[in-house]
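Subject: Structure for you to look at

Hello,

Here is the structure I promised to pass on. Please open it alongside this note; my findings follow below.

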Amino acid sequence: MIIQLAKKIIRMISTRKQRVMVVPCPAQGHVKPLVLFSHKLAQHGFRITFVYTDFDHNRISSAKKDDDDDDNNNNIEFVSIPDGLRPEDDRGDLGNLCKANLETIPAEVEKLITTINGSSNNYENNISCLVSDVYLGCAMEVATKLGIKGAVFCPSSAALLVHARYIPNMVNQGIMDESDGTSIHKQIIQLSPNMPSINTEKFPWTIDGSTKQKRLFQVYFKACQASEIAEWCLCNTTYDIESSALSLNPKFLSIGPLMANQANNSSDIPGSQFWAEDSSCLNWLDQQKPCSVIYIAFGSLTIHDNTQILELARGLELIGKPFLWVVRPGFMSGDLGHEFDPIRILGNNNFGKLVSWAPQQKVLSHPSIACFVSHCGWNSTIEGLSNGVPFLCWPYFGDQFLDKAYICDVWKVGIELEPSESGIILSQEIEIKVNKLLGDEEIRKKSIQLKEMILKNIAKDGQSFKNLDKFIKWLEET
């Protein structure tokens, strides 16, 4: 009682807010929203210790441009820890990455907090709260062990976290194998009305290779446990688009969409990107007609082979409209070469632009964008929705099928590309579906309505605005 009173007095006389540690999963789609979240907290005066892995920190440092300002917010410090793999190991191997992260990162986070809190004689310099990526949920055990506040951040849809929390029930009901999450019987599951249904053969943790799947399944199972331990589950979503999922647990707080300030420079917020952004595409977009450009981007993990890339290129040729295509390093498998040459495929009809990585939020907000050919990762989904852009859905793996179901079946702001019997999405399918999407006035109308609904949530007195304020007040409590 005396110790708690002393802490309260110290905080009352201090003019500085608490120090919060933020720990993302080492993946582009997890780092970016947590950097944005950290900037939100920093704007409210909190001091943030943001924890990269050493490998990701090096990538991000290499991707930064000379004019990126590392000191744009003195309340954020970036540190790094080992991820459990050697520098030469393949971090594209999700099985090994998951195993190493679960075994290494929690211990490194505990060591870091203990070092920081043990080296300061000033209480206000101590880490008082740990906000962990829910898919690095084992870090929540560190907060409990060290006696500090703990919250998890969900960078995916709230619906995905609901499915992770339902894992024990699905095991008990005989729907899945408890060792690796493999479905026992094929069926369609819908956990709540207005939530997307899911095919048990496409659980988010389903991946080729039994060992890889078992390790990825452990990540989701740990997320389930972490959401029970944490005092809050912060979700990068809005209540209006995921009311059914968010209503299933009082811990869920929708605080999204988290977006960079559009008044920033042409690049995204510093410290959030694994690859250098090519902002020349913004000038190129300025030269295009309104609502004329097809934007194609498949996120940070999707890989397509030669046959599929050629079909996509031929589909764009058939459509004959300007396009902006993000061709990320490592996006292609096969022998097309390290440099993707559109002239080789499209001949002289080079009416598009290719970049290796784009400032996506600024691209999607540009008036020349007509539609978004997307893998349906959650960051891309929420950014597309926030800008009223219709989707052509091309999910690759994981939660992307769940997000596709939201887009096509629940919100009805996009349509799905259907693969052929060989598993390839053919050029004719791409041509037909793009033209269908661009001609669908109802989808465009719903996209604009959803955009307005979402932006109201982050405006002052909107639901996401209020929820973030609620979390901030909780942080300020003794």
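How many bridges join strand β2 to β3? Six, and the two strands run parallel. Strand β2 covers residues 47-53. Within this pairing, Thr49 stands opposite Glu77 in β3. Bear in mind throughout that this is a predicted model.

The sheet

Strands β2 and β3 belong to an open sheet of seven strands. Its order is β3-β2-β1-β4-β5-β8-β9, and the pairing is parallel. At the edges sit β3 (76-81) and β9 (252-254), each of which pairs on one side only. On average, neighbouring strands are turned by 25° against each other, direction ignored. Helix α3 (residues 54-63) packs on this sheet. There α3 touches β2 and β3. The direction of α3 makes about 100° with that of β2.

A helix pair

Two packed helices are described by the angle between their axes and the distance between the axes. Here the pair is α6 (residues 158-165) and α8 (residues 210-229). They pack at an angle of about 95°, and their axes are 8 Å apart. Because angles of 65 to 115 degrees count as roughly perpendicular, α6 is roughly perpendicular to α8.

Which residues meet in this contact? From α6 come Leu160, Leu161, Ala164 and Arg165. From α8 come Tyr220, Ala223, Cys224, Ser227 and Glu228. By type, the contact divides into six nonpolar residues, one polar and two charged.

Two single residues

Ala107 lies in helix α4, which spans residues 94-118. Is Ala107 buried, partly exposed or exposed? Its relative accessibility is 45%, so Ala107 counts as partly exposed. That value falls between the cut-offs of 20% for buried and 50% for exposed. Ala107 and Cys138 are 31 residues apart in sequence. In space, their C-alpha atoms are 9.7 Å apart.

Glu277 is in the loop between β9 and α10 (280-286). Glu277 has 8% relative accessibility and therefore counts as buried. What joins the side chains of Glu277 and Gln273? A polar contact of 3.4 Å does.

Best wishes

Definitions and conventions: Residues numbered from 1 in each chain as written. Predicted model: local features only at pLDDT ≥ 70, side-chain atom pairs only at ≥ 80, totals over all residues. Heavy atoms only, no water. Axes fitted to C-alpha atoms, helices over the stretch in contact; angles between N-to-C directions. Helix = DSSP H or I, 4+ residues; strand = E, 2+ residues; numbered from the N terminus. Parallel < 35°, antiparallel > 145°, perpendicular 65-115°, else oblique. Contact = heavy atoms within 4.5 Å. Nonpolar A, V, L, I, M, F, W, Y, C, P; charged D, E, K, R; others polar. Pairing = 2+ DSSP bridges. Buried < 20%, exposed > 50% of the residue type's maximum accessible area, 1.4 Å probe, protein only. Polar contact = N/O pair within 3.5 Å; in protein donor to acceptor, adjacent residues only side chain to side chain.
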